[in-house]
Structure formats: C-alpha cells, structure tokens
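I opened my notebook to look up a few things in this structure. Here is what I went through.

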Amino acid sequence: MPRAFITGITGQDGQHLAEFLHAKGYEVFGLVKGQNNPRMVQMRDEFPYVEPVPGDLADLPSLVKALEFAQPDEVYNLGAISFVAVSFNQAELTANITGLGVLRMLEAIRMVGGAKNNPIRLYQASSSEMFGKVRETPQTELTPFHPRSPYGCAKVFGHDIVVNYRESYDLFACSGILFNHEGPRRGLEFVTRKVTNSVARIKLGLQQEIVLGNLDSKRDWGYAGDYVKAMWLMLQQDQPDDYVVATGQTNSIEDLVALAFAEVGIENWRDYVRQDPKFFRPAEVDLLIGDSSKARIQLGWKPEVDFASLIKMMVAHDLRFEGDKIR
Ligand code: NAP
C-alpha cells in the first residue's frame, strides 16, 4: 500500500487529495497543527481513513518526527497561509509558513529520506500569484515571476527553493503552478465561495447584500477536484519537473456574481451587490491565464469541470449547507 503524507489536510485541496489518494489505495497521513484544531472534528467525521499527525510548518523537528512516523512514499506540501488579503496584514507569518515552511519540509525530507531504492517524492503547491504583474499572457512554466503580494513573494521563494534542492541534492521534488481552483470546500473568505454562499443566503432570506471589491478582476478558475489529480500525476513521472495547471479560460468577478445569482433565479443582481474599497488589494495582479499545454501533453491531464458547472455545483451545495442550518 503506498503511503502519502499531506500538509494542509484540513484545507480545500487537502480534503480533495485525501479522498483521491484513498480511492487509489493509499494510506493517508495528514499534518494537523495546533493543540485543539477545530477542523479536526470535521476531518475525523468525513475522512476517518486519514491518520492525523501533529506538527507545524514553522517547526522543523515536528516535520522530521511526522515523516519518521508516516514513512511516506509521497509528500504533498499544501499547508500555507493561503489567503492573499491576510498576507498583506501578516506578511512575516506568511513568509515564515508559506515560504520558509517549504525549506523546512525539504530539509526534513533530506533528513528522513525514505527507503534507499524509493526516496520520498515531494509535491509543492506553487501558485499563479507568482506571476502577478504578468510579463506575458498566457503564462507558462517559463514566464518570469513578478509577485504582487507577500503571499506571491513567499510562494516564489518556495518554488525557487524546490528547484534549487532538486538540482543540488537530486531530490524528486515537483512544483505545480496551479491557477485558482475552487469548489464547495473552498473557505468562505475566498471570493468564489463568498459569492456562492452569500447568494444562497440571500435566496433563503438570511442576508440582504454582498459587499465585494473589484468586480473587473479576472481569474482562470478551475475545479479543485480536477487539480489534485494533476498533483498526483506529477509524482508518478520518471523525472521531477514543474507544471502549470490551468483551464486557459478566464472570467471576471462580475461573471461569477451574475452566474451565481442566475442559478437561484435572480436576474437583477446589481440590486444586491455593493462595492467597498476595503476589499480592493493594495497591489492587484494582472490578467492571470494559464497555458497548461505541458501538463496536458506530458501528464495527460485536462480539466473536466467548466466554470459554469463549477458555480452551479457551489451554489447548489451552499443552498443545502445554509438550508440545513435553518431546518
Ligand atoms: P486552504 O484551504 O487555505 O488550506 C491551507 C491549509 O494550510 C490548511 O489546512 C491550514 O491548516 C494549513 N496551514 C496553515 N498554517 C499552517 C502551519 N503553520 N503548519 C501546517 N499547516 C498549516 O488552501 P487550499 O486552497 O487548500 O490550497 C492548498 C495549497 O495550494 C496552499 O499552499 C495554497 O497556497 C496553494 N494554492 C491554492 C490555490 C487555490 O486556488 N486553491 C491556487 C494555487 C496554489 P488549518 O486548517 O489548521 O489552519
């Protein structure tokens, strides 16, 4: 039975990946931080097959102990301070966890190593936010980085240190440069889920309006369930490499809002939306749109769920989620 160790197990991607790897017959271990993590209860209920392992990306000895315990074949480093807005407020914490956390994981892997003929393979969760003020469109694995937030800067460090350790120490370490991916498990702080959840609440009479930032921002949005498959595929190749994972399609926040409201039969959505400059980013990224040709050709990966189906799925989930609370 192959063994996988996931950091960020309580996050959106960690949950999708745990489900995916379990279905493939993996034994799944997940790093859980904090002495009383509130998300542990949900994890035990929904993913009883995941073995929780205590530890923190800020604490190298805890990562070494976690790897010694889990003895994984594959490590998926998804743990991060992942919300761009938080990274502007807590830049040092973001640099420590999202950036230096990657270095600590690489060091832990070097120390624990794994079986001689089967060294530990690492997947690192890089991000399209590294492209920021984009140098070319669409972005590929060769597009230079120009991050526009402390989050993006920390991810660039994480990305570069993975490349450096791969080249210096011959580690099997890959980075997936993933463009935005969403789903019903997305945190409520992220704009897609904020919109679909608020639309469900407005439909159910629980909320009057949604307050948003820049409606013109555009993103390349895919479905998280599709993207975790690309992570796994990267670690099944003969050679480690980096890949852009994206749909190649772009939509604006306004498109997202209009689609979500249409799902609940509300056409005059502008009556329910207010803009507030406090939700604008201090520095906005340009048009992020990914060219995932390399992943499509070399990994045989492609996205299955399109944007409209994704928003439909999220609104349907949030209608059930919010409806259950008032029944
Ligand atoms: P998420 O839902 O925000 O999950 C983040 C995870 O990191 C949570 O499980 C969190 O644990 C954990 N974490 C935070 N601080 C930690 C620490 N000090 N030690 C250990 N774990 C810690 O993020 P996601 O959407 O699943 O994304 C997964 C990864 O992909 C992240 O690295 C993200 O930056 C990257 N990424 C995401 C996207 C996207 O569109 N979703 C795109 C590109 C890259 P708690 O629950 O205990 O706080």
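I began with the elements around the ligand. α1 (12-23), β7 (121-127) and α6 (150-169) each give at least two residues to its shell. Helices (H or I, at least four residues) and strands (E, at least two) are DSSP runs, numbered from the N terminus. The largest share, 3 residues, comes from β7.

I noted the ground rules. This is a predicted model, where local features need pLDDT of at least 70 and side-chain atom pairs need 80 or more, while totals for chains, interfaces and linings use all residues. Residues are numbered from 1 along each chain as its sequence is written, and side-chain values use heavy atoms, without hydrogens and water.

**The ligand shell**

How many residues surround the ligand? I found 27, and the closest are Thr10, Asn37, Arg39, Ser82 and Tyr151. To be near, a residue needs a heavy atom within 4 Å. By class, the shell has 10 nonpolar, 11 polar and 6 charged residues. Here Ala, Val, Leu, Ile, Met, Phe, Trp, Tyr, Cys and Pro are nonpolar, Asp, Glu, Lys and Arg are charged, and the others, Gly among them, are polar.

Next I looked up atom distances. An N or O atom in the side chain of threonine 10 is 2.6 Å from a ligand oxygen. For arginine 39, a side-chain N or O atom is also 2.6 Å from an oxygen of the ligand. Arginine 186 has a polar side-chain atom 3.0 Å from a ligand nitrogen. A polar contact here is a pair of N or O atoms within 3.5 Å. Taken alone, the ligand exposes 910 Å², and the protein buries 91% of that (Shrake-Rupley method, 1.4 Å probe).

**Aromatic rings**

I counted 11 aromatic pairs. Rings of Phe, Tyr and Trp (its six-membered ring) pair if their centres lie within 6.5 Å; planes under 30 degrees apart are stacked, over 60 edge-to-face, and the rest tilted. Why is the pair of tyrosine 227 and tryptophan 301 called edge-to-face? The ring centres are 5.4 Å apart and the planes stand at 90°, so the pair is edge-to-face. This pair links distant parts of the chain. Tyrosine 227 is in helix α8 (residues 224-235), and tryptophan 301 is in the loop between α10 (293-299) and α11 (307-326), 74 residues apart.

**Backbone notes**

I checked two loops. The peptide bond from threonine 137 to proline 138 is cis, with omega near -5°. Proline 138 is in the loop between β7 and α6. Glutamine 71 is not a glycine, yet has a positive phi of about 45°. Glutamine 71 lies in the loop between α3 (60-70) and β4 (74-77).

Definitions and conventions: Polar contact = N/O pair within 3.5 Å; in protein donor to acceptor, adjacent residues only side chain to side chain.
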